[in-house]
Amino acid sequence: MDSCLRHLRFADYSQSRWKNGRGVTREIAVARSRDSEPPAWRISMATISEPAEFSSFPGVDRSLAVVDGGGIDLTVDRVSRVLGVGDDPARFSGDSETSARPIAGATLDLNLMVDPLRAVGTVTVACAGEHETAEGRWFVMALTDGLEVRIAGDRLVVDRLDTATFEVGDGQHCWVSLVPDRDTPDRDTPDRDTPDGATRDNDTHASESRVGNTADGNTADGKAPDGRVVAYLIRVSA
């Protein structure tokens, strides 16, 4: 392990306007360039409160998942798909004709943008249990309050929409354990509001039955104590 767990709090994510001026992005992490080049990768959140067209990012691979709210109807090159909290992310090209319509009020989404010529990146659904991680930088985006993240003897407790991050060195791999707070209900429980009006409460999708995933998308047999979707796992490597 190259570094210990770090806690990135929702309240500390930096904010900026979309390129097309139709919304606000909260930046979680980014690979800054030393020159005028765009970032090799960027992880962010955005609130969709009305039907909106996405900005165009030619040459960029995108992954999008819903982390709060009633979900969205996402249309990419005229093909629609409904996304809710805990669903597998949508993957599409940054120069695709893309728009989204909120289904039931303001919805908060998670975005990973990667320049495939300079980096690789994935977003996967994570259940409670153990998940194998390969080399790269990892982010655990919590979908429930009181989520305990354990790795290599280190532990960190994060709340919903907060992120735990760590790095795995070249040629290494290890297991990260995700342990939810057993007192946190699986169903909608209004708690506190985000600045955009998207409520930070647990979504019914978080109780869907799934199994733990490894870094390559395979199941971790016998390592998931229950089927609760508790986070999104994001891996980036340049």
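I found 18 lining residues, with Pro38, Pro39, Phe57, Val60 and Met113 nearest the centre; lining means having an atom within 4 Å of a point. Two or more of the lining residues come from each of β3 (24-30), β4 (41-48) and β11 (107-114), strands being DSSP runs of E, at least two residues, numbered from the N terminus.

A note on the source: this is a predicted model, where local features need pLDDT of at least 70, side-chain atom pairs count only at pLDDT 80 or more, and totals for chains, interfaces and linings use all residues. Residues are numbered from 1 along each chain as its sequence is written, and side-chain values use heavy atoms, without hydrogens and water.

Next I turned to the second largest pocket, which has 17 lining residues; Trp18, Thr25, Phe57, Arg62 and Met113 lie nearest its centre. I noted β4 as the top contributor to this lining, with four residues.

Then I searched the whole structure for aromatic pairs and got three (ring centres of Phe, Tyr or the six-membered ring of Trp within 6.5 Å; planes under 30 degrees apart are stacked, over 60 edge-to-face, the rest tilted). Phe10 and Tyr13 have ring centres 5.8 Å apart and planes at 70°, so I logged them as edge-to-face. Trp138 and Phe166, at 6.4 Å and 5°, are stacked. That pair joins distant parts of the chain, β13 and β16, 28 residues apart. Both Trp138 and Phe166 are buried (under 20% relative accessible area, 1.4 Å probe, protein chains only).

Technical notes. 1 Å grid on protein atoms, 1.4 Å probe; cavity = no way out; pocket = protein on both sides within 12 Å on 5 of 7 lines; lining within 4 Å. Buried < 20%, exposed > 50% of the residue type's maximum accessible area, 1.4 Å probe, protein only.
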